Amino acid sequence: MSDKEKYGATDESPIIEPPTDPVKEGEDEDAMALHEVYEKLGLGWAQYISWTASFLIAYSDYAELTLIALIIPYIRCEWDLSSTFEATITISIFVVYAMSAMLCGKLADIFGRRTVMLVTTLLLIIAAGGAALASNQWLFLFWRTITGICVGANFSTIVVYSTEFCPNSYRTYGPVISIMGSYFSMFSVNLFGYFVLNAIGWRWLIIIITLPVIPAFVLLLVFPESPRYLVVSNQQERANSAIKTMARLNGVELPAKFSVYCHQEAGELGSYGVLWKTKEYRIPAIALAAMYFFNILLETGVLVFLPLAFISSFCGGEAPKRDRCATLSQQDLLMLTVSAIGSLVGCVAAFFIASKVGRLRPLRVGSGVQIAIMALLFVCFGEFYLFGVATLIKIINAIVVMIIWIIIPESFPTIVRSTATGAINSSGKCGAVVGTTAVVLLFYVSPLLVAGSFVVAAISTFGFSFLLSRETRDSILSDT
């Protein structure tokens with residue numbers, strides 16, 4: 001069986017150049033294939049450090065996204081916001097997030113993952129401080145916009161960065177730990193909100209949830225660039241240096257002189273052309289982008305829907321009355337916090353399911369179950385019923401989102417992995433814009449319209465899952 005047949009490539013797959021052995025005759029230097037080096041390095045502190053940075057950055061990024069659903073009732077009252085300006089503040093971070101994810105994904109393939117994240121994590125710290133100190137709604141909107149640019153760049157890039165430090169047998173941990181960080185932030189932001197929001201105010205809440213990005217920035221300063229990226233971008237000396245750092249951290253001895261090589265995809269770094277012209281990459285990119293769009297529509301829609309539902313004490317299809325200065329009670333905050341645990345449960349479940357069963361079957365089953373659960377929002381039997389349904393939604397949604405993120409880095413080569421990830425992440429945040437806007441504008445017209453939009457999104461996710469036909473669990477990363 002040829003290598004092309006073994007790994008499921010097709011006649012339309014891009015040409016794989018044979019590995020070039022950089023060792024010339026007579027030189028005392030060992031040449032090693034990159035994937036063999038990774039397996040030799042194994043699991044150790046190199047991975048633990050990259051995963052820690054990944055967790056902290058994903059935590060801070062998603063905490064910033066979760067935050068607005070909690071504090072919007074408070075700033076609406078403090079600055080007497082119109083419904084239009086309230087919607088603008090709510091969706092602004094998602095709009096710029098979508099644009100930033102698309103652009104910075106490409107930049108991370110051109111200039112490096114670590115380079116992009118060093119800039120954006122530092123800027124995120126500054127922007128969070130600016131939002132916490134904002135004296136009016138316009139300054140707050142400005143700093144939240146800057147925050148959106150940073151989180152859009154960071155999240156997809158850190159998933160790729162942490163995954164590329166893993167040997168093939170452990171690569172699932174990269175996206176899993178990143179998504180765990182994001183879902184843990186949803187839980188902890190609600191928990192901090194329970195203790196902090198009504199006690200010392202929303203400004204302190206912004207500061208508290210941004211603190212984890214500071215140690216993440218320090219880790220990025222001292223940790224090297226992804227060796228996979230350095231090899232395919234022909235930065236051989238830096239790649240060797242990064243691998244030596246990994247070997248030292250993992251306690252593994254390598255030859256005194258060595259160089260690494262890999263099978264390099266023919267194409268330009270960060271090229272959308274490689275993604276679009278190659279069917280092997282184009283179809284998964286479209287399917288994953290569409291599925292992520294509808295799932296993040298659901299995730300953010302429910303995130304904004306729940307506080308509004310609890311504040312207004314809505315039940316059934318009647319239009320709730322809008323109270324400009326209504327805020328969440330301690331019981332409401334507690335229920336939001338507990339329901340957020342559902343996302344963590346779903347994330348852990350997805351990791352074990354994907355490892356044991358594979359990716360495609362759980363993805364389709366989870367998408368189908370989502371349809372039924374979303375339909376439960378058409379009826380209501382009180383706050384505790386709504387709390388239970390929301391928890392179920394978060395469990396299943398987290399399973400689907402987690403599996404999507406496991407599939408993404410397995411489906412694209414290093415030269416365009418960050419570009420593809422950024423584009424898919426961007427589509428998700430477009431879904432966040434649609435979901436958030438739909439809830440903010442439709443909730444006070446009829447909650448049933450919101451529930452209907454959720455069901456349509458769940459059905460769409462299920463349909464697009466059938467565009468994916470290739471199981472990626474047993475494949476190796478495309479360029480190795």
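**Reading contacts, rings and helix packing**

Me: Leave aside the neighbours within four places in sequence. Which residues is Ser178 in contact with?

Reply: Ser178 is in contact with Ser54, Ala58, Phe155, Ile158, Val159 and Ser162, once neighbours within four places in sequence are set aside. Keep in mind that this model is predicted.

Me: Where does Ser178 lie? And is Ser178 buried or exposed?

Reply: Ser178 is part of helix H7. To judge burial, look at relative accessible area: under 20% means buried. Ser178 has 0% relative accessibility, so Ser178 counts as buried.

Me: Ser54 was on that list. What does Ser54 touch in turn?

Reply: Again skip the neighbours within four places in sequence. Ser54 is then in contact with Ile158, Ser162, Gly174 and Ser178. Ser54 sits in helix H3, residues 45-78. Its relative accessibility is 0%, so Ser54 is buried.

Me: How far apart are Ser54 and Val160, in sequence and in space?

Reply: In sequence, 106 residues separate them. In space, C-alpha to C-alpha, Ser54 and Val160 are 9.5 Å apart.

Me: What share of the chain's contacts joins residues 24 or more positions apart?

Reply: Count contacts with a separation of 6 or more. Of these, 86% are between residues 24 or more positions apart. As for burial, 59% of the 480 residues are buried.

Me: Now helices. How many helices and strands does the protein chain have?

Reply: It has 18 helices and 2 strands. Take one packed pair. Helix H7 (residues 173-200) packs against helix H8 (residues 202-210) at about 145°, and their axes are 8 Å apart. The crossing of H7 and H8 is right-handed.

Me: Which residues make the contact between H7 and H8?

Reply: From H7 come Val189, Phe192, Gly193, Val196, Leu197 and Ile200. From H8 come Trp202, Trp204, Leu205, Ile208 and Ile209.

Me: What describes a pair of aromatic rings?

Reply: Two values: the distance of the centres and the angle of the planes. The whole structure has 21 aromatic pairs. In one of them, Tyr281 and Phe412, the centres are 6.3 Å apart and the planes meet at 55°, so the pair is tilted.

Me: Which residues form an aromatic cluster?

Reply: Trp45, Tyr48, Trp51, Tyr170, Tyr173, Phe351 and Phe352 form one.

Me: What sits over the ring of Tyr38?

Reply: The charged end of Arg228, at 4.2 Å from the ring centre. Look at Trp276 as well: Arg282 lies over its face, 5.8 Å from the ring centre.

Me: Last one. What is the accessible surface of the protein chain?

Reply: About 18300 Å². Carbon and sulfur atoms account for 66% of that surface.

Notes. Residues numbered from 1 in each chain as written. Predicted model: local features only at pLDDT ≥ 70, side-chain atom pairs only at ≥ 80, totals over all residues. Heavy atoms only, no water. Helix = DSSP H or I, 4+ residues; strand = E, 2+ residues; numbered from the N terminus. Buried < 20%, exposed > 50% of the residue type's maximum accessible area, 1.4 Å probe, protein only. Contact = heavy atoms within 4.5 Å. Areas by Shrake-Rupley, 256 points an atom, 1.4 Å probe, with all protein chains shown as cover. Phe/Tyr/Trp six-rings, centres within 6.5 Å; stacked < 30°, edge-to-face > 60°. Lys NZ or Arg CZ within 6 Å of the ring centre and 35° of its normal. Axes fitted to C-alpha atoms, helices over the stretch in contact; angles between N-to-C directions. Left-handed = near helix turned anticlockwise from the far one by under 90°.
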